[in-house]
Amino acid sequence: SVLTTCKETKLLPPCDESETIFEYAPQATSKDKKWEVVTPDQWVPPKKLLFSSLLIPTLDSTRAEYLMGIIASNECMKAPPNYKSSLMVGGAGTAKTSTALMYTSHFDPLEHLVKRVNFSSATTPNGLQKTIESEVERKTGKTFCPPGGKLMTVFLDDMAMPLVNEWGDQITLEITRQLIENQGFYFLDKDKRGDFKSIVDLQYVGAMATPGGGRNDIPNRTKSKFFCFNMTLPSVKSVDNIYGAIIRARFTAKAGAKPDVQAMAPKLVPATIGLWDKVKTKLLPTPQRFHYVFNMRELSRVFQGVMEAPMEVVKTEALLINLWKHECTRVFADKLARQMDKDLIDQWGHAYCEEYFGAEHAEATKDTQWWCDFQRDVMEDEETGEELPAPKIYEPLQSMTFGREKAYFYLQKFNDAF
C-alpha cells in the first residue's frame with residue numbers, strides 16, 4: 001500500500017487476483033533482480049495412489065520447510081536463544097502435520113532419524129520420558145544419543161492437547177521444555193534417581209492448533225524454546241495445484257480411464273473448489289450450529305471419495321459427474337442440520353455443475369445418484385469352501401430398497417458375531 005501510494009507500482013510483482021506478493025521472489029542470478037514466481041518441487045505420483053498418504057508440496061509448505069531448515073541448521077545456544085526447534089501454529093486443515101512429514105521425508109535415514117510423538121489429554125510426563133528414552137542409547141556415562149550416533153528430529157504433534165491440571169499447568173509440556181532447554185531430564189531408576197540424564201543430538205518440530213474456541217494454549221516458558229510461525233489455509237492456486245495433480249495422476253489412460261473421462265476429470269477441481277468456497281462463505285457457524293466448519297479436510301474428503309471408485313466402474317463422463325455430485329452431497333450436505341441448508345447445497349451443486357460440465361450433464365444429474373461399496377455378495381473359496389469377505393466396490397446404488405436390505409443384512413451379521 002505504501003508503494004502504491006507513492007506511485008511506485010513498478011517495484012511490485014505482477015500479482016493476479018489469486019496471488020499475493022509472497023508468491024514472488026527476486027531472481028538471484030539477475031542483475032536487475034526481476035520478480036519471478038516461486039514454484040515448489042515437481043510432484044511425482046507414486047505407483048500406487050493411496051490418498052491418505054499423499055504428500056504434495058505447495059508454496060506454503062515449501063516456505064515452512066525452508067524456515068524449519070534454517071532454524072535446524074544453526075548451532076544450539078542459549079544466548080541468543082536457539083534450540084533448533086520450530087513450532088507451527090494454525091487452524092484445522094492448514095497442513096501442519098503434512099508439512100512436518102514432508103520436511104522429515106527429505107532426511108537420509110542412514111544419518112538422520114525421525115520420531116513422531118502424538119500428544120493427547122492422556123499423555124503424561126512419565127509416558128513422554130519413556131518414549132524418548134526408548135529411542136536413544138548410551139553414548140558415554142550419563143549421556144545418551146540416538147542409535148548409531150545419528151541425528152534425530154522429534155515431531156511433537158498436537159502440542160496443546162495435554163491435560164491442564166487444577167493449578168492451570170500442563171506438566172507434560174514442562175518436561176518437554178526441560179528436555180529442549182537442558183538437553184535431558186532426570187533418571188527414573190531407583191539407584192540413579194536424582195542424577196541428570198543428558199540426551200544430545202535431538203532437534204524438535206512441533207505443531208499445535210491456534211488457541212481459542214475451547215483449544216488450549218501452551219505455557220509461555222515452553223513456547224519460548226521454539227521459533228513459532230503461523231500456518232494459514234493454502235491459497236486457491238495452491239489448492240488447485242494439489243488436487244489438480246492428484247486428479248491428473250488418477251485419471252490416465254494407463255489407469256484405464258476412457259478419453260472422455262480423462263477430458264472431463266480436470267474440471268472437477270475448479271467445480272469442487274468453487275462449491276467448497278461458496279459453502280464455507282455462506283454457511284457460517286453459529287452458537288446453535290457451531291459445527292458448520294468447512295476447511296481443507298472437507299475438500300479433501302470429496303476428492304478421496306472420487307478416487308474410491310475403480311476405473312472399470314467410472315466408464316463414462318456422466319458417471320464421473322454423478323460420482324462428483326454424490327461426494328459433494330455426502331461431504332457438505334450430510335453435515336448440515338436444517339433442510340433449508342441442504343437444499344442450498346443442491347442448488348449450488350446444480351449451478352456449478354451447469355457452469356463447468358454443461359447444461360445437458362447438469363440436467364441429467366439433477367437427482368443425485370447414490371453410491372456405496374457394500375452391494376456385492378459374499379464369495380466362497382473354491383478350494384476350501386470358506387466364506388470370503390464380499391468385495392468392496394464403490395459403485396452406483398441399484399435402488400434404495402436394495403441398499404436398505406443389504407445394510408440390514410450386514411447389521412444382523414455384525415450383531416450375531418459380536
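Predicted model: local features only at pLDDT ≥ 70, side-chain atom pairs only at ≥ 80, totals over all residues.
Reader: How much space lies in the largest pocket?

Author: The largest pocket holds about 1,200 Å³ of space. Its lining consists of 44 residues, and Gly93, Ala95, Thr97, Ser98 and Arg297 are the closest to the centre.

Reader: Which elements give two or more residues to that lining?

Author: They are α2 (59–73), α3 (96–105), β12 (202–209), α7 (236–250) and α10 (296–308). The largest share comes from α3, with six residues.

Reader: What classes of residue make up the lining of the largest pocket?

Author: There are 20 nonpolar residues, 16 polar ones and eight charged ones.

Reader: What is the volume of the second largest pocket, and which residues lie nearest its centre?

Author: The volume of the second largest pocket is about 450 Å³. Pro40, Asp41, Gln42, Pro57 and Asn241 lie nearest the centre, out of 22 lining residues. Here α7 provides the largest share of the lining, eight residues. The classes are 10 nonpolar, seven polar and five charged.

Reader: A cavity is another matter, I take it. What sets a cavity apart from a pocket?

Author: In a cavity the 1.4 Å probe fits but cannot get out, whereas a pocket is open. Counting cavities of 30 Å³ or more gives two in this model.

Reader: Which residues line the largest cavity?

Author: The lining is made of Met68, Ala72, Lys84, Ser86, Tyr103, Thr153, Gln203, Tyr204 and Val205. Two elements, α2 and β12, each give two or more residues to this lining, and β12 gives the most, with three. The volume of the largest cavity is about 40 Å³. By class, its lining has five nonpolar residues, three polar and one charged.

Reader: Where does the lining of the second largest cavity come from?

Author: Its residues are Leu275, Trp324, Lys325, Cys328, Thr329, Ile345, Asp346 and Gly349. The elements with two or more residues in this lining are α11 and α12 (339–357). Helix α11 gives the most, four residues. The space in the second largest cavity is about 30 Å³, and the lining divides into four nonpolar, two polar and two charged residues.

Reader: What describes two packed helices?

Author: Two values do: the angle between the axes and the distance between them. In this model, α10 and α11 (residues 317–332) pack at about 145 degrees, and their axes are 9 Å apart. The crossing of α10 past α11 is right-handed.

Reader: Which residues make the contact?

Author: From α10 come Glu298, Arg301, Val302, Gly305 and Val306. From α11 come Leu320, Leu323, Trp324, Glu327, Cys328, Arg330, Val331 and Phe332. By class, this contact has eight nonpolar residues, one polar and four charged. Trp324 and Cys328 of α11 take part in this contact, and both also line the second largest cavity.

Reader: One last residue. Where does Pro270 lie, and is it buried, exposed or partly exposed?

Author: Pro270 lies in helix α9 (residues 268–282). Residues under 20% relative accessible area count as buried and those over 50% as exposed. Pro270 has a relative accessible area of 28%, so Pro270 is partly exposed.

Reader: How far apart are Pro270 and His350 in sequence and in space?

Author: In sequence Pro270 and His350 are 80 residues apart, and in space they are 14 Å apart, taken from C-alpha to C-alpha.

Notes: Residues numbered from 1 in each chain as written. Heavy atoms only, no water. 1 Å grid on protein atoms, 1.4 Å probe; cavity = no way out; pocket = protein on both sides within 12 Å on 5 of 7 lines; lining within 4 Å. Points joined across faces, edges and corners; volume = space filled by probe spheres on them. Nonpolar A, V, L, I, M, F, W, Y, C, P; charged D, E, K, R; others polar. Axes fitted to C-alpha atoms, helices over the stretch in contact; angles between N-to-C directions. Left-handed = near helix turned anticlockwise from the far one by under 90°. Contact = heavy atoms within 4.5 Å. Buried < 20%, exposed > 50% of the residue type's maximum accessible area, 1.4 Å probe, protein only.
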